[in-house]
Amino acid sequence: MNKFRLFFFIVLNAPLFLSASLYASVDINPILDNARMTVNKAAAKGFEWTTTRKLIEDAETALAAGDKDKSLKLAKAALNEAEKSLIQANYAETHWQAGIPL
Amino acid sequence: MKIKAKVKKDITKVKMLIKHAMETGRRKDQDGNVIPRLYITEVSASHNGQPVFHAEVGQAVSKDPYIAFSFKGGVAGDMISITWIDSSGATQTGEAAIK
Amino acid sequence: MLVGDNMNVNGKNMNMNRRGFLGNLFKGAVCIATVASLPRMAFAAWNEKAFKAETLEGALNSKYPGLEIVDSAAVKLKAPAIAENGAVVPVSVKTDLPDVKTISLFVEKNPSPLAATFHLTPLNVADVSIRIRMGETSNLIAVVESGGKLHRVQQEVKVTIGGCGG
Amino acid sequence: MRLVKRTLKMKSGAILVCLLTINCMAIADTGNKSDLDFKAMVQQDINDFQSFFKKRFSQVEFSEYKNGVYAIDAASREQWLEMEDFPPYEFAVDEGEALFEEPFSNGKTYADCFANGGEGIRQNYPYFDSKKSEVITLELAINNCRQANGEKPLAYKKGALANLSAYMASTSAGNSFATEVPSVAAYQSYSEGKEFFYSKRGQLNFSCADCHMRVAGQKLRADITSPALGHPTGFPVYRAKWEEMGTLHRRYAGCNKNIRAKPLPAQGRAYRNLEYFQSVMSQGLEVNGPSSRK
């Protein structure tokens, strides 16, 4: 149940955390920079996901190979994950007691 | 190798645990190189020098193989000796007294 | 109760001279040695053809050419219905059949179905246990060679993959 | 404590209200912990935690929780008992004993670092070291011992350290955990461990409690999850999946990977605090490490 609550929390809050312009952007490097910065923030709180840096690396590889469309897609996915993990970390800081099943 | 042998009502139960990787030749190491196959192929046991058990095994036997068998005629204090050989020809013998 | 890693240094009470020779080679400590010239007599020949067969039928035929197979309630196979982990599946085979010569275990869907063959002497009680690997859900088949026939029992063992391990 | 006992006697609706009240109290309390009687709060946590499992698995004896999932799942217990009959970790115990007795280059041994020569003391770890103001686990203490004697530390997840830990646990079989929270500083570490335990993380968004309390005993993918009560008692373990020994922190890392959360460092502050919290929750259970797990 809490999982769904968090899901809605993320969905509803997402626009607050994302810069909409970045998601509409076709400029890959600022998105990747933002993704790196955000995943580092989540990591500092101990909430990095195992999948995020892989997405960033894949985006970099695609960019180096000249596949901009693929790279852009991956970069946006990476940013999205990074932001979700940071939201998760912030949510846990304030709501972890809600997870006590008594 | 570890051997436990216990006699109860004339039946001696022998259990062994052998330290061996039992590599199937299908596993890869961290760098992605295939680990060559190396597994125990045969295990023989004797009781006071008389053969009492022999097993042929394949790569389907788990890592650190465990095998148990039973035989009649053992007495506490008798020696059980177990020898294995693997696919590289390496061999080891262990001994234990029946309890 | 426990004697671990004691080398057999007492060749003289071994029946087979060559095993005694083996024991004397490695006096004292734990020792694993490659012995290229290991006398073959120390071990019966390993049935390479049967162990390398890739099908159940091939393995059975190589191991027991020409033997009649009958399903038998006299063979008791003990194995889990669902294996905790395919890497370590405890299996036991027991029977009251007389004059058991060998007991073999096959895992139908393993890349090499023959897992083990136990050769029993008249001194043995037909009661053996072993821990084996199963790559996937498969029939596990035990056959007992007795009275010139193979007495067979089989059971499915489910192997689940992708669990978190409890 | 009395409050909880009373709620147990009430009907379900009332229980919910009361539990919510307790929950809210707990939340309010943690905000201002330095002023509070933290010992009573820890005791309340232990009571709540252990009674959660008593209610969930009413047939299971308390002492059985040292056996992990095998306390609650008969089918896997049978296979586990066959493993325990002649377990692969016996090699680890022997190797650990040999390492334990081998002197350092300065002539001293592990026995010189530990109370009672290092025998029968597994249950005293983890503990809160007031001078260092941090949780000391057995594995950390072993490496501290090595470094104090001029030796290099061992890797924390497997190998020699797991074998040493296995040997030391084996000499402590049957001793009960009585992990204490003796100070406000200790309560801080305890609380961090508790927060870790109940925080959702990873791409799958699961907390420890989600798998090992909420759905403990139910199938999660292919496996039945173990009850969190008793988690630290059987470690280190020989896991069939690893085909070798591993420490509790190796297992924590594996759990985190399963939920796609990046594992934190073994013996880092977060995992040590988590182990501390789990050990306090498992108070009263016996040491039965090393043991075998799937």
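Two strands pair if DSSP finds at least two bridges between them. For my own record, strands (E, at least two residues) and helices (H or I, at least four residues) are DSSP runs, numbered from the N terminus. This is a predicted model, so I keep to its cut-offs: local features need pLDDT of at least 70, side-chain atom pairs count only at pLDDT 80 or more, and totals for chains, interfaces and linings use all residues. Residues are numbered from 1 along each chain as its sequence is written, chains are lettered from A and ligands numbered from 1 in the order in which they are written, and side-chain values use heavy atoms, with hydrogens and water left out.

**Entry 1: strand E11 of chain C**

I went to E11(C), residues 149–159, and looked up its partners. Strand E3 (residues 68–71) of chain C runs parallel to E11(C), with four bridges between them. I noted C:Glu68 opposite C:Lys149 of E11(C). Strand E5 (residues 82–83) of chain C is also parallel to E11(C), with two bridges. There, C:Ala83 has C:Val159 of E11(C) as its bridge partner.

Then I turned to strand E10 (residues 138–146) of chain C, which is antiparallel to E11(C) and joined to it by nine bridges. C:Ala142 is bridged to C:Val153 in E11(C). How many residues sit between E10(C) and E11(C) in their hairpin? I found two, and C:Gly147 in that turn has a positive phi of about 60°.

**Entry 2: a sheet in chain D**

Next I checked an open sheet of three strands in chain D, ordered E6-E5-E7 with mixed pairing. Its edge strands, each pairing on one side only, are strand E6 (244–246) and strand E7 (291–293) of chain D. From one strand to the next the twist averages 40°; I take the axes as lines fitted to C-alpha atoms, for helices over the stretch in contact, with angles from 0 to 180 degrees between N-to-C directions.

Strand E5 (residues 237–239) of chain D is antiparallel to E6(D), and I count three bridges for the pair. One of my look-ups here was D:Tyr238, whose bridge partner in E6(D) is D:Met245.

Most residues other than glycine have a negative phi, and most peptide bonds are trans. With that in mind I went through chain D. The peptide bond from D:Tyr125 to D:Pro126 is cis, omega near 0°, and D:Pro126 sits in the loop between helix H5 (89–101) and strand E1 (127–129) of chain D. The bond from D:Phe235 to D:Pro236 is cis as well, with omega near 0°. I placed D:Pro236 in the loop between strand E4 (223–224) and E5 of chain D. D:Ser133 is not a glycine, yet its phi is positive, about 55°. That serine, D:Ser133, belongs to the loop between E1 and strand E2 (134–136) of chain D.

**Entry 3: chain B**

A quick look at chain B gave me seven strands and zero helices. Along the sequence I read β-β-β-β-β-β-β. Along the principal axes, the C-alpha atoms of chain B fill a box of roughly 50 × 20 × 15 Å.

**Entry 4: where B touches D**

For contact I use heavy atoms within 4.5 Å. Twelve residues of chain B are in contact with eleven of chain D. Between them the two chains bury about 1100 Å², 57% of it on carbon and sulfur atoms; buried area is the accessible area (1.4 Å probe) that two parts lose on being put together, summed over both.

I found five salt bridges between chains B and D, a salt bridge being a side-chain nitrogen of Lys or Arg within 4 Å of a carboxyl oxygen of Asp or Glu. Among them is B:Lys4 with D:Glu90, at 3.0 Å from N to O. On the side of chain B that touches chain D, strand E1 (2–8) and strand E2 (11–17) of chain B are the elements giving two or more residues. By class I get six nonpolar, no polar and six charged residues on that side; Ala, Val, Leu, Ile, Met, Phe, Trp, Tyr, Cys and Pro count as nonpolar, Asp, Glu, Lys and Arg as charged, and the others, Gly among them, as polar.

**Entry 5: salt bridges overall**

Over all chains the rule gives me 31 salt bridges. I picked out A:Lys54 with A:Asp58, whose closest N and O atoms are 3.2 Å apart. Both are in helix H4 (residues 52–64) of chain A and, because they are four residues apart there, about one helical turn separates A:Lys54 from A:Asp58.
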